[in-house]
Amino acid sequence: ERGKEEPKDHYDLFISVSCVCSQNALFGMGNPLLDISAVVDKDFLDKYGLKPNDQILAEEKHKALFDEIVKKSKVEYHAGGSTQNSVKIAQWMIQEPHKVATFFGCIGTDHFGEILKQKAAEAHVDAHYYEQSQEPTGTCAACITGDNRSLVANLAAANCYNKEKHLDVDRNWSLVEKARVYYIAGFFLTVSPESILKVAKHASDNNKIFGLNLSAPFISQFFKEPLMKVMPYVDIIFGNETEAATFAKEQGFETEDIAEIARRVQCLPKVNKNRQRIVVFTQGREDTVATVGDKVKMFPVLDIDQNDIVDTNGAGDAFVGGFLSELVQEKPLEECIRAGHYAANVIIRRVGCTFPEKPDFH
(Lines give C-alpha, C1' and ligand atoms only; values in the text may rest on other atoms or scores of the structure.)
Protein backbone atom coordinates (compact mmCIF):
# COMPACT_ATOMS: atom_id res chain seq x y z
CA GLU A 1 0.00 0.00 0.00
CA ARG A 2 2.75 2.41 1.06
CA GLY A 3 4.74 1.85 -2.09
CA LYS A 4 1.80 3.08 -4.12
CA GLU A 5 1.64 6.36 -2.23
CA GLU A 6 5.27 7.31 -2.52
CA PRO A 7 5.34 8.44 -6.15
CA LYS A 8 2.35 10.68 -5.44
CA ASP A 9 4.33 12.44 -2.70
CA HIS A 10 7.30 12.93 -4.99
CA TYR A 11 4.97 14.24 -7.63
CA ASP A 12 3.41 16.75 -5.23
CA LEU A 13 6.86 17.91 -4.23
CA PHE A 14 7.82 18.33 -7.86
CA ILE A 15 4.66 20.30 -8.58
CA SER A 16 5.27 22.71 -5.70
CA VAL A 17 8.84 23.37 -6.80
CA SER A 18 8.11 23.72 -10.51
CA CYS A 19 5.31 26.27 -10.14
CA VAL A 20 7.14 28.65 -7.84
CA CYS A 21 6.23 31.44 -10.24
CA SER A 22 3.56 30.09 -12.54
CA GLN A 23 0.85 32.17 -14.16
CA ASN A 24 -2.07 33.12 -11.90
CA ALA A 25 -0.16 31.98 -8.78
CA LEU A 26 -1.07 35.25 -7.03
CA PHE A 27 -4.72 36.26 -6.77
CA GLY A 28 -6.01 39.71 -5.80
CA MET A 29 -9.54 41.06 -5.59
CA GLY A 30 -10.60 44.60 -4.74
CA ASN A 31 -11.77 48.03 -5.82
CA PRO A 32 -10.27 49.10 -9.17
CA LEU A 33 -10.10 52.90 -9.07
CA LEU A 34 -8.63 55.59 -11.26
CA ASP A 35 -6.48 57.81 -9.03
CA ILE A 36 -6.79 61.54 -9.63
CA SER A 37 -3.74 62.97 -7.93
CA ALA A 38 -2.94 66.65 -7.26
CA VAL A 39 -0.97 68.78 -4.85
CA VAL A 40 -3.35 70.82 -2.71
CA ASP A 41 -3.01 73.19 0.24
CA LYS A 42 -4.33 73.11 3.79
CA ASP A 43 -7.28 75.34 2.84
CA PHE A 44 -8.40 72.70 0.33
CA LEU A 45 -8.23 69.97 3.02
CA ASP A 46 -10.12 72.16 5.51
CA LYS A 47 -12.77 73.06 2.95
CA TYR A 48 -13.69 69.38 2.57
CA GLY A 49 -12.99 68.39 6.17
CA LEU A 50 -10.05 66.14 5.30
CA LYS A 51 -7.17 65.01 7.51
CA PRO A 52 -3.72 65.33 5.85
CA ASN A 53 -3.04 61.57 6.03
CA ASP A 54 -6.20 59.49 5.81
CA GLN A 55 -8.36 57.27 3.62
CA ILE A 56 -12.11 57.78 3.52
CA LEU A 57 -15.10 56.98 1.34
CA ALA A 58 -16.62 59.96 -0.48
CA GLU A 59 -19.84 61.42 0.91
CA GLU A 60 -22.25 63.91 -0.61
CA LYS A 61 -20.13 66.84 0.66
CA HIS A 62 -17.14 65.58 -1.37
CA LYS A 63 -18.88 65.60 -4.78
CA ALA A 64 -17.53 69.08 -5.58
CA LEU A 65 -14.02 68.00 -4.54
CA PHE A 66 -13.74 65.76 -7.61
CA ASP A 67 -14.75 68.64 -9.91
CA GLU A 68 -12.29 70.97 -8.20
CA ILE A 69 -9.27 68.65 -8.10
CA VAL A 70 -9.31 67.94 -11.85
CA LYS A 71 -8.96 71.71 -12.43
CA LYS A 72 -5.72 71.87 -10.42
CA SER A 73 -2.64 72.88 -12.41
CA LYS A 74 -0.75 69.60 -12.07
CA VAL A 75 -3.32 66.84 -11.97
CA GLU A 76 -2.25 63.30 -12.80
CA TYR A 77 -4.29 60.20 -13.57
CA HIS A 78 -3.04 56.76 -12.54
CA ALA A 79 -4.61 53.32 -12.35
CA GLY A 80 -5.17 52.71 -8.66
CA GLY A 81 -7.15 50.88 -6.04
CA SER A 82 -5.20 49.38 -3.16
CA THR A 83 -5.24 45.68 -4.10
CA GLN A 84 -4.75 46.38 -7.79
CA ASN A 85 -1.69 48.52 -6.93
CA SER A 86 -0.22 45.71 -4.83
CA VAL A 87 -0.63 42.94 -7.41
CA LYS A 88 0.73 45.25 -10.09
CA ILE A 89 3.86 45.95 -8.02
CA ALA A 90 4.23 42.23 -7.30
CA GLN A 91 4.10 41.51 -11.03
CA TRP A 92 6.63 44.30 -11.71
CA MET A 93 9.02 42.83 -9.10
CA ILE A 94 8.65 39.34 -10.61
CA GLN A 95 8.91 40.55 -14.25
CA GLU A 96 8.72 37.09 -15.88
CA PRO A 97 6.55 35.22 -16.53
CA HIS A 98 3.79 37.71 -17.25
CA LYS A 99 0.37 37.24 -15.63
CA VAL A 100 1.62 35.68 -12.40
CA ALA A 101 -0.87 38.09 -10.80
CA THR A 102 -4.62 37.82 -11.35
CA PHE A 103 -7.01 40.63 -10.39
CA PHE A 104 -10.82 40.73 -10.03
CA GLY A 105 -12.92 43.86 -9.48
CA CYS A 106 -15.78 45.83 -10.97
CA ILE A 107 -15.58 48.73 -13.46
CA GLY A 108 -18.00 50.69 -15.64
CA THR A 109 -18.31 50.51 -19.41
CA ASP A 110 -16.69 53.93 -19.90
CA HIS A 111 -13.47 55.77 -20.75
CA PHE A 112 -11.99 55.45 -17.23
CA GLY A 113 -12.75 51.71 -17.35
CA GLU A 114 -10.88 51.41 -20.64
CA ILE A 115 -7.89 53.21 -19.10
CA LEU A 116 -7.85 50.71 -16.20
CA LYS A 117 -7.96 47.78 -18.63
CA GLN A 118 -5.14 49.25 -20.67
CA LYS A 119 -2.99 49.97 -17.59
CA ALA A 120 -3.51 46.45 -16.22
CA ALA A 121 -2.48 44.96 -19.58
CA GLU A 122 0.63 47.20 -19.68
CA ALA A 123 1.53 45.96 -16.19
CA HIS A 124 1.10 42.32 -17.39
CA VAL A 125 -1.54 41.64 -14.75
CA ASP A 126 -4.24 39.15 -15.73
CA ALA A 127 -7.21 41.40 -14.90
CA HIS A 128 -10.73 40.01 -15.26
CA TYR A 129 -13.12 42.84 -14.53
CA TYR A 130 -16.81 42.48 -13.93
CA GLU A 131 -18.18 45.18 -16.24
CA GLN A 132 -21.56 46.81 -15.72
CA SER A 133 -23.20 49.98 -17.04
CA GLN A 134 -25.27 51.08 -14.01
CA GLU A 135 -22.38 52.91 -12.35
CA PRO A 136 -19.29 54.67 -13.76
CA THR A 137 -15.77 53.42 -13.02
CA GLY A 138 -14.66 54.36 -9.51
CA THR A 139 -12.22 57.18 -8.81
CA CYS A 140 -10.00 58.15 -5.92
CA ALA A 141 -8.91 61.72 -5.25
CA ALA A 142 -5.37 61.75 -3.86
CA CYS A 143 -4.90 65.13 -2.19
CA ILE A 144 -1.17 65.61 -1.68
CA THR A 145 0.29 68.04 0.88
CA GLY A 146 4.04 67.71 1.49
CA ASP A 147 4.72 64.04 2.15
CA ASN A 148 1.15 63.39 3.27
CA ARG A 149 -1.74 62.13 1.17
CA SER A 150 -5.43 62.22 1.92
CA LEU A 151 -7.44 59.76 -0.16
CA VAL A 152 -11.12 60.17 -0.93
CA ALA A 153 -12.58 57.21 -2.78
CA ASN A 154 -15.74 57.40 -4.84
CA LEU A 155 -16.26 53.66 -5.33
CA ALA A 156 -19.13 53.89 -7.84
CA ALA A 157 -18.74 50.80 -10.08
CA ALA A 158 -16.24 49.19 -7.69
CA ASN A 159 -19.10 48.91 -5.21
CA CYS A 160 -21.12 46.81 -7.70
CA TYR A 161 -18.92 43.70 -7.65
CA ASN A 162 -21.25 40.71 -7.80
CA LYS A 163 -20.21 37.32 -6.43
CA GLU A 164 -22.86 35.33 -8.32
CA LYS A 165 -22.27 37.09 -11.63
CA HIS A 166 -18.48 37.03 -11.51
CA LEU A 167 -16.59 35.13 -8.78
CA ASP A 168 -18.87 32.08 -8.93
CA VAL A 169 -18.67 31.78 -12.72
CA ASP A 170 -16.65 28.64 -13.53
CA ARG A 171 -14.05 30.27 -15.78
CA ASN A 172 -13.36 32.89 -13.10
CA TRP A 173 -13.39 30.53 -10.13
CA SER A 174 -10.91 28.26 -11.95
CA LEU A 175 -8.44 31.20 -11.82
CA VAL A 176 -8.98 31.41 -8.06
CA GLU A 177 -8.22 27.70 -7.78
CA LYS A 178 -4.99 28.12 -9.77
CA ALA A 179 -3.57 30.54 -7.20
CA ARG A 180 -1.43 29.67 -4.18
CA VAL A 181 -1.27 33.11 -2.57
CA TYR A 182 -4.31 35.36 -2.08
CA TYR A 183 -4.40 39.02 -1.13
CA ILE A 184 -7.35 41.32 -0.54
CA ALA A 185 -7.28 44.81 0.97
CA GLY A 186 -9.74 45.42 3.80
CA PHE A 187 -11.39 48.11 1.65
CA PHE A 188 -13.21 45.31 -0.21
CA LEU A 189 -15.04 44.40 3.02
CA THR A 190 -17.31 47.37 2.30
CA VAL A 191 -18.22 45.87 -1.09
CA SER A 192 -18.45 42.08 -1.06
CA PRO A 193 -17.59 40.36 2.23
CA GLU A 194 -19.20 37.16 0.92
CA SER A 195 -16.69 37.09 -1.97
CA ILE A 196 -13.80 37.54 0.46
CA LEU A 197 -15.09 34.73 2.67
CA LYS A 198 -15.41 32.34 -0.27
CA VAL A 199 -11.81 32.98 -1.34
CA ALA A 200 -10.49 32.93 2.25
CA LYS A 201 -12.19 29.61 2.99
CA HIS A 202 -10.84 28.11 -0.22
CA ALA A 203 -7.31 29.14 0.80
CA SER A 204 -7.74 27.79 4.33
CA ASP A 205 -9.27 24.47 3.19
CA ASN A 206 -6.40 23.90 0.75
CA ASN A 207 -3.57 25.08 3.02
CA LYS A 208 -2.83 28.03 0.75
CA ILE A 209 -1.88 31.52 1.96
CA PHE A 210 -4.52 34.22 2.44
CA GLY A 211 -3.43 37.80 3.14
CA LEU A 212 -5.63 40.70 4.26
CA ASN A 213 -4.89 44.37 4.91
CA LEU A 214 -6.50 46.46 7.65
CA SER A 215 -6.37 49.21 4.99
CA ALA A 216 -7.81 52.17 6.96
CA PRO A 217 -9.02 53.01 10.47
CA PHE A 218 -12.67 53.16 9.32
CA ILE A 219 -12.58 49.45 8.37
CA SER A 220 -11.77 48.37 11.95
CA GLN A 221 -14.32 50.87 13.30
CA PHE A 222 -17.35 50.48 11.05
CA PHE A 223 -16.84 47.13 9.29
CA LYS A 224 -15.82 45.23 12.40
CA GLU A 225 -18.29 42.37 11.90
CA PRO A 226 -17.24 41.35 8.35
CA LEU A 227 -13.58 41.93 9.28
CA MET A 228 -13.77 39.59 12.27
CA LYS A 229 -15.72 37.01 10.27
CA VAL A 230 -12.83 36.66 7.82
CA MET A 231 -10.04 36.97 10.44
CA PRO A 232 -9.99 33.22 11.35
CA TYR A 233 -8.94 32.50 7.73
CA VAL A 234 -6.22 35.16 7.57
CA ASP A 235 -2.65 33.82 7.37
CA ILE A 236 -0.97 37.21 6.94
CA ILE A 237 -2.41 40.48 8.17
CA PHE A 238 -0.93 43.80 7.02
CA GLY A 239 -1.50 47.32 8.30
CA ASN A 240 0.21 50.55 9.29
CA GLU A 241 0.70 51.91 12.81
CA THR A 242 -2.54 53.97 12.80
CA GLU A 243 -4.64 51.06 11.55
CA ALA A 244 -3.03 48.74 14.10
CA ALA A 245 -3.81 51.16 16.94
CA THR A 246 -7.42 51.59 15.80
CA PHE A 247 -7.90 47.83 15.47
CA ALA A 248 -6.48 47.31 18.99
CA LYS A 249 -8.77 49.99 20.42
CA GLU A 250 -11.86 48.55 18.71
CA GLN A 251 -11.01 45.03 19.91
CA GLY A 252 -10.46 46.24 23.48
CA PHE A 253 -6.78 45.21 23.59
CA GLU A 254 -6.06 48.11 25.96
CA THR A 255 -2.52 48.58 24.71
CA GLU A 256 -0.91 51.03 22.32
CA ASP A 257 2.35 49.11 22.13
CA ILE A 258 2.64 48.03 18.49
CA ALA A 259 4.67 44.89 19.22
CA GLU A 260 2.09 43.81 21.80
CA ILE A 261 -0.74 44.53 19.33
CA ALA A 262 1.03 42.36 16.73
CA ARG A 263 1.32 39.56 19.29
CA ARG A 264 -2.37 39.81 20.21
CA VAL A 265 -3.49 39.84 16.57
CA GLN A 266 -1.36 36.77 15.89
CA CYS A 267 -3.16 34.93 18.71
CA LEU A 268 -6.70 35.63 17.47
CA PRO A 269 -8.61 32.42 16.57
CA LYS A 270 -7.48 30.71 13.37
CA VAL A 271 -9.03 27.85 11.37
CA ASN A 272 -5.99 26.44 9.54
CA LYS A 273 -3.64 25.42 12.37
CA ASN A 274 -0.93 24.34 9.88
CA ARG A 275 0.11 27.95 9.42
CA GLN A 276 0.84 30.33 12.26
CA ARG A 277 -0.57 33.76 11.48
CA ILE A 278 2.00 36.37 10.45
CA VAL A 279 1.35 40.00 11.41
CA VAL A 280 3.17 42.80 9.58
CA PHE A 281 2.77 46.45 10.62
CA THR A 282 4.60 49.21 8.75
CA GLN A 283 5.28 52.55 10.45
CA GLY A 284 6.33 54.94 7.69
CA ARG A 285 10.01 55.75 8.21
CA GLU A 286 10.12 53.82 11.49
CA ASP A 287 10.91 50.09 11.71
CA THR A 288 8.45 47.57 10.33
CA VAL A 289 7.09 45.29 13.05
CA ALA A 290 6.50 41.60 12.24
CA THR A 291 5.80 38.39 14.08
CA VAL A 292 8.47 35.78 13.37
CA GLY A 293 7.37 32.51 14.92
CA ASP A 294 6.50 33.37 18.54
CA LYS A 295 8.68 36.46 18.56
CA VAL A 296 8.03 40.03 17.41
CA LYS A 297 10.92 41.54 15.46
CA MET A 298 11.73 45.00 14.10
CA PHE A 299 12.95 45.45 10.54
CA PRO A 300 14.49 48.84 9.67
CA VAL A 301 13.31 50.46 6.45
CA LEU A 302 15.72 51.77 3.81
CA ASP A 303 17.08 55.25 4.45
CA ILE A 304 15.75 58.00 2.22
CA ASP A 305 16.49 61.70 2.11
CA GLN A 306 13.35 63.70 2.94
CA ASN A 307 13.90 65.72 -0.26
CA ASP A 308 13.65 62.55 -2.37
CA ILE A 309 10.14 61.82 -1.15
CA VAL A 310 7.76 62.94 -3.88
CA ASP A 311 4.52 61.31 -2.82
CA THR A 312 3.78 58.66 -0.17
CA ASN A 313 0.53 57.64 -1.89
CA GLY A 314 0.86 53.95 -2.67
CA ALA A 315 3.75 53.30 -0.26
CA GLY A 316 1.73 50.82 1.79
CA ASP A 317 0.39 49.11 -1.34
CA ALA A 318 3.92 48.93 -2.74
CA PHE A 319 5.23 47.37 0.47
CA VAL A 320 2.62 44.62 0.20
CA GLY A 321 3.35 44.18 -3.52
CA GLY A 322 7.06 43.69 -2.88
CA PHE A 323 6.28 41.33 -0.01
CA LEU A 324 3.91 39.23 -2.14
CA SER A 325 6.41 39.01 -5.02
CA GLU A 326 8.81 37.08 -2.78
CA LEU A 327 6.09 35.19 -0.89
CA VAL A 328 4.75 33.70 -4.13
CA GLN A 329 8.30 32.49 -4.83
CA GLU A 330 8.33 30.82 -1.40
CA LYS A 331 11.08 33.04 0.02
CA PRO A 332 11.50 33.43 3.81
CA LEU A 333 9.68 36.19 5.70
CA GLU A 334 12.82 38.34 6.07
CA GLU A 335 13.21 38.40 2.28
CA CYS A 336 9.54 39.26 1.79
CA ILE A 337 9.91 42.24 4.13
CA ARG A 338 13.16 43.35 2.46
CA ALA A 339 11.39 43.30 -0.93
CA GLY A 340 8.50 45.25 0.57
CA HIS A 341 10.85 47.93 1.85
CA TYR A 342 12.58 48.10 -1.52
CA ALA A 343 9.32 48.53 -3.46
CA ALA A 344 7.99 51.20 -1.07
CA ASN A 345 11.30 53.06 -1.31
CA VAL A 346 10.99 53.15 -5.12
CA ILE A 347 7.35 54.25 -5.15
CA ILE A 348 7.68 57.21 -2.74
CA ARG A 349 10.19 58.83 -5.12
CA ARG A 350 7.48 59.04 -7.80
CA VAL A 351 3.98 60.45 -8.21
CA GLY A 352 1.20 57.92 -7.61
CA CYS A 353 1.78 54.21 -7.44
CA THR A 354 4.07 54.17 -10.50
CA PHE A 355 7.41 52.48 -11.08
CA PRO A 356 10.41 52.45 -13.42
CA GLU A 357 10.66 49.89 -16.20
CA LYS A 358 12.58 47.31 -14.19
CA PRO A 359 13.29 46.71 -10.49
CA ASP A 360 16.82 46.71 -9.13
CA PHE A 361 16.29 44.32 -6.24
CA HIS A 362 18.89 41.69 -5.39
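Predicted model: local features only at pLDDT ≥ 70, side-chain atom pairs only at ≥ 80, totals over all residues.
Trainee: Okay, thanks. How many residues does α5 have, and how far does the helix reach?

Mentor: Helix α5 runs over residues 111-122, so to speak a stretch of 12 residues. From its first C-alpha to its last the helix reaches 17 Å, close to the 16 Å expected at 1.5 Å a residue.

Trainee: Which residues of α5 are buried?

Mentor: The buried ones are G113, I115, L116 and A120. They sit on the same side of α5, because they cover an arc of only 155° around the axis.

Trainee: And what covers those buried residues?

Mentor: The cover includes the strands β2 (33-39), β4 (76-80), β5 (101-108) and β6 (126-132). Helix α4 (82-94) is also part of that cover.

Trainee: Let's stay with α4, then. At what angle do the axes of α4 and α14 cross?

Mentor: They cross at roughly 105°, and the axes come within 11 Å. The two helices, α4 and α14, are therefore roughly perpendicular to each other. Helix α14 covers residues 333-347.

Trainee: Which residues meet there?

Mentor: On the α4 side you'll find I89, W92 and M93. They meet A339, Y342, A343, V346 and I347 in α14.

Trainee: While we're at α14, is H341 buried or exposed?

Mentor: H341, which lies in α14, counts as buried because its relative accessibility is 9%, under the 20% cut-off.

Trainee: What does H341 touch?

Mentor: Leaving aside residues up to four places away in sequence, H341 touches T288, F299, P300, V301, L302 and F319.

Trainee: New topic: where is G81?

Mentor: You'll find G81 in the loop between β4 and α4. G81 is buried, with a relative accessible area of 6%.

Trainee: And which residues does G81 touch?

Mentor: Not counting residues up to four places away in sequence, G81 touches N31, L33 and D35. Another pair to look at is G81 and A158: they are 77 residues apart along the chain, and their C-alpha atoms are separated by 9.4 Å.

Trainee: Now the backbone. Which residues does the cis peptide bond with omega of about -5° join?

Mentor: That bond joins E96 and P97. P97 lies in the loop between α4 and β5. For background, most peptide bonds are trans, and most residues other than glycine have a negative phi.

Trainee: What about E254, what is its phi?

Mentor: E254 has a positive phi of about 55°, although it is not a glycine. Look for E254 in the loop between α11 (241-250) and α12 (258-266). E254 is exposed, with a relative accessible area of 79%.

Trainee: Last one: where is E330, by the way?

Mentor: E330 is in the loop between α13 (315-327) and α14. Its phi is near 60°, a positive value in a residue other than glycine. At 45% relative accessibility, E330 counts as partly exposed.

Methods:
Residues numbered from 1 in each chain as written. Heavy atoms only, no water. Helix = DSSP H or I, 4+ residues; strand = E, 2+ residues; numbered from the N terminus. Expected span 1.5 Å × (residues − 1). Buried < 20%, exposed > 50% of the residue type's maximum accessible area, 1.4 Å probe, protein only. Arc of directions from axis to C-beta. Contact = heavy atoms within 4.5 Å. Axes fitted to C-alpha atoms, helices over the stretch in contact; angles between N-to-C directions. Parallel < 35°, antiparallel > 145°, perpendicular 65-115°, else oblique.
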